[in-house]
Amino acid sequence: MREPDPSLLRDVERYYSGRLREHGATARGVDWNSEDSQRLRFEQLARLWGGEHDSQGGLLSVIDFGCGYGALLDYLQDYGEAFEYQGFDISEAMIREAKTLARGRGMFTTDLEQLQPADYVVASGVFNVKLKTDSKAWDEYMTTTIEKISSLAKRGFAFNALTSYSDPEKRRDDLHYADPSHWFDHCKRKHSRFVTLLHDYPLYEFTILVRR
């Protein structure tokens, strides 16, 4: 599987590490406007499993791809969801913060090779900040990353992205606005017959759920 351009990811890593230094382990530290909007995104992603439990009585497993400081882990525990959790992020600063806050809960890494396949993989916000990367190259990065998270997901995966239906006057040049119909079709053709597009919550973005 072709890996993303290292220089692209280095720029993104510097961007998010800078946000963490500026705002700390908060929603703004991972470039969200508020804790409420961060939680709303988690609610959409959690629809992937919808309270499902392992049929053998064990824990379901989840990979938080682009985990930041590990806020999803706290969200899951706050809502009584028990998972074997793996968090991955390209920012070493984020992973250090996540390990400190998790206090032994879950596993966190910057090394893709350390990730073990899980029941579910979720990716929140990893497709938003393109900086100076052109849209074609960013679409290729999205395709490669979706292939990667699909390969790690045994039961399903989910991701969100800013929507191309955003008001033109409110768009930023350093952000990527994806076409939801394109990515729905891509996932439907490449990954599963069972794909859900969520575009009915009050943020300028969409979430795609892919179930096996």
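Is Asp31 buried or exposed? Asp31 has a relative accessible area of 17%, so Asp31 counts as buried. Here "buried" means under 20% relative accessible area, "exposed" means over 50%, and "partly exposed" lies in between (1.4 Å probe, protein chains only).

## Before we dig in

This is a predicted model, where local features need pLDDT of at least 70, side-chain atom pairs count only at pLDDT 80 or more, and totals for chains, interfaces and linings use all residues. Residues are numbered from 1 along each chain as its sequence is written, and side-chain values use heavy atoms, with hydrogens and water left out.

Most residues other than glycine have a negative phi. You'll find Asp31 in the loop between helix 1 and helix 2. (Helices are DSSP runs of H or I with at least four residues, strands are runs of E with at least two, and both are numbered from the N terminus.)

Leu131 is another non-glycine residue with a positive phi, near 55 degrees. Leu131 sits in the loop between strand 4 and helix 5. With a relative accessible area of 22%, Leu131 is partly exposed.

## Rings that meet

Now for the aromatic side chains. Rings of Phe, Tyr and Trp (its six-membered ring) pair if their centres lie within 6.5 Å; planes under 30 degrees apart are stacked, over 60 edge-to-face, and the rest tilted. By this rule there are nine aromatic pairs. Take Phe127 and Tyr141: their ring centres are 5.9 Å apart and their planes stand at 75 degrees, so this pair is edge-to-face. Phe127 belongs to the loop between strand 4 (118–123) and helix 5 (135–152), while Tyr141 is in helix 5, so the pair ties together parts that are 14 residues apart in sequence.

Both partners are tucked away: Phe127 is buried at 0% relative accessibility, and Tyr141 is buried at 11%. Ring pairs also link Phe127, Trp138, Tyr141 and Phe159 into a cluster.

## Charges over rings

A charge sits over a ring if NZ of Lys or CZ of Arg is within 6 Å of the ring centre and within 35 degrees of the ring normal. Arg41 does this with Trp32, at 3.6 Å from the ring centre. Arg171 lies over the face of Tyr177, at 5.2 Å from the ring centre.

## Strand 7 and its neighbours

Strand 7 (residues 205–211) is mostly covered, with six of its seven residues buried. Two strands pair if DSSP finds at least two bridges between them. Strand 5 (residues 153–162) runs antiparallel to strand 7, and seven bridges join them; here Leu162 stands opposite Glu205.

Strand 6 (residues 194–198) is also antiparallel to strand 7, with five bridges. Thr196 has Leu209 as its bridge partner in strand 7. A hairpin of six residues connects strand 6 to strand 7.

## The second largest pocket

A pocket is an open set of points on a 1 Å grid over the protein atoms alone, where a 1.4 Å probe fits, with protein on both sides within 12 Å along at least five of seven lines; lining residues have an atom within 4 Å of a point. The second largest pocket holds about 490 Å³ of space, a volume being the space filled by probe spheres set on the points.

This pocket is lined by 20 residues, and Asn33, Arg41, Leu162, Arg172 and Leu175 lie nearest its centre. Helix 1 (6–23) and helix 2 (35–46) are the elements that give two or more residues to the lining.
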